[in-house]
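Subject: Handing over the two-chain model

Hi there,

Here is the structure I promised to pass on to you. Please have a look at it first, and then read my notes below.

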Amino acid sequence: MKSRGPVTLVFAVLTLLGLAGQALLVRKVDALRPEATLEEVLYIPSAKAVKRMGLGYTGLVADIYWTRAVQYFGRKHGKGSTRYELLYPLLDITTSLDPNLVPAYEFGSTFLAQRPPQGAGQPEKAVALLEKGISANPNEWKLYLHLGFVYYFEIKDYLAAARALQHAAEMPGGNPELRAIAGTLAQHGGDLQTSRQLWMMVYQNEKQAQLRKNAERHLAAIDNDEIVTVLEAAIADFRRRTGRDPKSWAEMNANGYGRTVPIDPQGDAYLLIEGRVEVAHPETFPFITKGLPPGQQPSIGPQIVVQ
Amino acid sequence: MNSRVLTIAANTFREAVRDRVLYNLVFFALLMAGGSILVGQISIDIERQVVVNLGLTAVSLFGVVIAIFIGIGLVSKEIEKRTLYTVLARPVRRWEFIVGKFFGLVITLVVNTFLMSLGVLLALLYVAHKLERGDLTVVVAIYFIVLQFVVVTALALLFSSFSSPLLSAVLAFAVFIVGTFAEDLRGFAAMSQGVTRVGATIAAYLMPNFAALNVIAEAAHAKPVAGNLILFNTVYALLYALAAVAGAVLIFERRNLK
């Protein structure tokens with residue numbers, strides 16, 4: 001009988017060489033074909049066509065499309081992109097395939113509504129998505145809550161926000177506390193306290209970890225904006241009294257403005273630079289509007305989709 | 001190349017011709033002639049695109065079907081008919097048998113593709129009245145399709161070396177479909193984390209990358225294809241086929257044929 005040892009060895013080496021070589025080549029080929037990357041390919045823009053091609057397995061196809069939407073958003077968000085052309089079509093197809101896929105409305109509207117770089121900056125499309133969700137899932141009170149958020153924070157239509165929250169409060173399973181918030185919204189729309197109440201409501205009631213985390217970051221940003229407002233008032237008072245900018249927090253403390261170096265909600269000391277208050281790490285602090293270095297845009301912060 | 005490998009390859013080709021595999025060319029000719037004439041009558045200004053899209057898609061699909069259905073039977077049919085024992089009783093090694101079968105089927109597919117490609121170019125000439133420099137992309141697209149067949153044939157052979165013909169066909173078709181979306185698969189793997197990422201990345205890189213071998217859309221619009229892509233795709237397909245055929249040899253060497 002012929003020995004098979006050398007043949008086995010040679011072909012085992014060839015198999016490994018072939019596999020390793022093709023994997024290396026794939027990377028080179030990918031580099032030559034940037035247009036073929038995941039995010040810019042919708043494949044089929046019509047939900048009806050996708051439905052037909054799904055051969056009735058629309059639930060599974062919807063899950064695949066929802067995953068594509070999440071990955072699309074996650075990848076672009078990670079790159080700090082401000083353009084999300086395929087996000088709404090992907091979400092629209094997903095929810096047409098499975099109109100009861102509530103997470104797609106909840107997360108999808110958050111992705112769409114928030115201003116760049118945190119989101120796509122398409123609040124009108126977020127409203128359209130949520131209204132589609134409400135029409136298919138009339139008993140999901142949280143969709144009204146999300147609708148209220150979009151109207152309040154992104155479109156600044158406080159009456160529409162109040163109406164949406166009123167709906168959420170009155171629905172079976174809805175949170176009755178929302179009724180009071182809806183009343184406050186109608187009267188004091190736009191102030192930080194109302195914003196805090198809304199995000200606290202989400203933080204306390206939301207079971208989805210990512211949405212809770214998102215609410216937590218918004219609450220931290222509100223805390224920051226409030227602290228910076230107080231610190232800026234103190235600095236303005238110091239300036240008025242002494243006719244110059246304070247040099248350090250120690251000098252502020254020595255003049256009766258606080259007793260320690262102020263700390264931001266991320267646990268870092270605020271910086272005092274030429275009479276300006278700045279957070280130490282603006283790059284990891286999303287949603288803040290105060291305490292940013294001059295000319296710096298709000299950070300995208302840690303990603304909320306892909307942890 | 002080893003003369004025994006060549007003999008087996010030539011016999012495999014002869015057998016495929018005897019099995020009337022090339023009859024698909026008649027259907028292909030009818031499809032091309034019918035498609036070109038029909039679209040010319042019912043549409044506006046897309047005759048060239050339709051001929052290229054329809055023709056190259058048909059070349060690709062016909063070839064993949066042939067590669068899979070012939071490929072899965074290359075080993076099992078020889079065992080079933082007991083002709084394998086006659087072959088292996090001669091001074092032919094098992095690896096020579098597998099490699100010869102692989103080349104035989106690849107030759108069959110190349111001949112088949114060459115004839116179908118002539119049909120596409122003739123149809124193109126019929127609708128456009130001339131061939132232009134941009135039509136070179138059609139030739140590149142056909143070349144990539146042949147590379148695709150080389151990979152599919154190797155995979156069909158690999159699967160048939162350890163499983164039944166039916167299961168081999170299912171596996172080969174599944175890998176063909178997954179390979180068409182290989183770029184997405186790698187994109188998804190890149191987005192995952194931890195152990196999932198490692199597993200998904202390995203799986204994604206094990207799948208063949210058929211998406212990069214498909215430039216039919218570019219050919220339809222006479223867009224040029226980068227020279228580097230031709231080189232990389234060639235080396236890629238050869239390495240992938242090498243790995244799959246070598247894997248088939250490894251399995252077949254250890255297979256108990258009694």
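What follows is a short tour of what turned up. Please keep in mind throughout that this is a predicted model.

**Where the chains meet**

Let's begin with the interface. On one side, 32 residues of chain A make contact, and they touch 36 residues of chain B. The size of an interface is often expressed as the accessible area that is lost when the parts come together. Here chain A and chain B bury about 3,100 Å² between them, with 66% of that area on carbon and sulfur atoms.

As for polar pairing, the rule finds 5 residue pairs in polar contact across the interface of chain A and chain B. There is also 1 salt bridge between chain A and chain B. Its partners are Asp30(A) and Arg186(B), whose side chains meet at 2.8 Å, N to O.

Which helices of chain A supply at least two residues each to the side that touches chain B? They are helix H1 (5–32) and helix H3 (58–78). H1(A) gives the most to that side, with 19 residues. Sorted by class, the side of chain A that touches chain B has 15 nonpolar, 8 polar and 9 charged residues.

**Spaces inside**

Next, the cavities. The structure holds 3 of them at 30 Å³ or more, and the largest cavity has a volume of about 250 Å³. A total of 18 residues line the largest cavity, and the ones nearest its centre are Thr110(A), His146(A), Phe149(A), Trp199(A) and Asn214(A).

Four stretches of chain A give two or more residues to this lining: helix H5 (102–113), helix H7 (141–155), helix H10 (192–205) and helix H11 (209–242). H7(A) gives the most, with 7 residues. By class, the lining of the largest cavity divides into 8 nonpolar, 7 polar and 3 charged residues.

**Charged pairs**

Side chains of opposite charge can pair when their charged atoms come close. Over all chains, a search of the whole structure finds 17 salt bridges. One of them joins the side chains of Glu226(A) and Arg196(A), at 2.4 Å from N to O. Glu226(A) lies in helix H11 of chain A and Arg196(A) in helix H10 of chain A, so this pair ties together parts that are 30 residues apart in sequence.

Enjoy exploring!

Best wishes

How values were computed
Residues numbered from 1 in each chain as written. Chains lettered and ligands numbered in written order. Predicted model: local features only at pLDDT ≥ 70, side-chain atom pairs only at ≥ 80, totals over all residues. Heavy atoms only, no water. Contact = heavy atoms within 4.5 Å. Buried area = accessible area lost by both parts, 1.4 Å probe. Salt bridge = Lys/Arg side-chain N within 4 Å of Asp/Glu carboxyl O. Polar contact = N/O pair within 3.5 Å; in protein donor to acceptor, adjacent residues only side chain to side chain. Nonpolar A, V, L, I, M, F, W, Y, C, P; charged D, E, K, R; others polar. 1 Å grid on protein atoms, 1.4 Å probe; cavity = no way out; pocket = protein on both sides within 12 Å on 5 of 7 lines; lining within 4 Å. Points joined across faces, edges and corners; volume = space filled by probe spheres on them.
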